[in-house]
Amino acid sequence: MRSGMSEYDGPWLVVGLGNPGKEYARNRHNIGFMVVELLAQRAGAKFKAHKSRAQVAEGRLAGRRVVLAEPMSFMNLSGGPVTALRDFYKVPTSAIVAVHDELDLDYAALRLKTGGGDNGHNGLKSMTKSLGPDYHRVRCGIGRPPGRMEVADFVLKDFSSTERKDLDWFVDRAADAVEALLSDGLERAQQNYNS
């Protein structure tokens, strides 16, 4: 746990990155939404529209108050709603977690970290521009596009039938990793979930 964060008793802001709309719901780019939706189920919380241009569910996970959020802007504009939520709930950047797809990890691999670059991810680029880089990330591996497929086409496609066989397990494990980060801190969660 970062120094001082163990004493922090305000809410944590857990943001799933994705694109709004039914046509994007099962895309690789929307794994962040899938994870926060599962976390909301675990917390017994329902998503509601919030003035920040996000869907928000409030509850408790791992003994902490959480605000689970899905920005309703498109991915490349995620920073605006996240900043509005940070200000509304008075959450320090060190208590913000972004859950997102990651091309540079094999499918279903997870990595937790704090800070760093955006690696070409437009949602992270937007968040970092608004917040600075020092928020937590739960990076959910989706692998690289096959052959000569463009990255944009790959991330905006649904998971393949082979990938879908493990998708529920993958989303469940990513949700577990978020809860471990909240309860045990970054280092312990990294030891247990970084693959």
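Where is valine 91 found? Valine 91 sits in the loop between H2 and E5, and the views below start from the sheet and come back to this residue. This is a predicted model, in which local features need pLDDT of at least 70, side-chain atom pairs count only at pLDDT 80 or more, and totals for chains, interfaces and linings use all residues. Residues are numbered from 1 along each chain as its sequence is written, and side-chain values use heavy atoms, with hydrogens and water left out.

**View 1. Seven strands make an open sheet.** Strands (E, at least two residues) and helices (H or I, at least four) are DSSP runs numbered from the N terminus. The strand order is E2-E3-E4-E1-E5-E7-E6, with mixed pairing; two strands pair if DSSP finds at least two bridges between them. Strand E2 (48–50) and strand E6 (110–114) are at the edges with a single partner strand each, so one side of each has no neighbour in the sheet. From one strand to the next, the twist averages 30°. E6 pairs with strand E7 (residues 136–141) in the antiparallel sense over five bridges, and leucine 112 has valine 138 in E7 as its bridge partner.

**View 2. Strand E4 (residues 64–71) is mostly covered.** Seven of its eight residues are buried, where buried means under 20% relative accessible area, exposed over 50%, and partly exposed in between (1.4 Å probe, protein chains only). Strand E1 (residues 12–16) runs parallel to E4 and is joined to it by four bridges; here tryptophan 12 stands opposite valine 66. Strand E3 (residues 54–61) runs antiparallel to E4, with eight bridges between them, and leucine 61 faces arginine 64 across this pair. E3 and E4 form a hairpin with two residues between them, and alanine 62 in the turn has a positive phi of about 50°.

View 3. Axes here are lines fitted to C-alpha atoms, for helices over the stretch in contact, and angles run from 0 to 180 degrees between N-to-C directions.

**View 4. Helix H2 (residues 79–89) crosses helix H3 (residues 122–131).** Their axes come within 8 Å and cross at roughly 45°. The contact (heavy atoms within 4.5 Å) is made by Gly79, Gly80, Val82, Thr83 and Arg86 of H2 with Ser126, Met127, Ser130 and Leu131 of H3.

**View 5. The loop between H2 and E5 holds lysine 90 and valine 91.** Valine 91 is buried, with a relative accessible area of 4%. Leaving aside neighbours within four places in sequence, valine 91 is in contact with Tyr8, Pro11, Leu13, Arg86 and Ile96. Lysine 90, in contrast, counts as exposed at 68% relative accessibility. Its phi is near 55°, a positive value in a residue other than glycine.

**View 6. Arginine 53 lies in the loop between E2 and E3.** Most residues other than glycine have a negative phi. Arginine 53 has a positive phi of about 70° although it is not a glycine. At 47% relative accessibility, arginine 53 counts as partly exposed.
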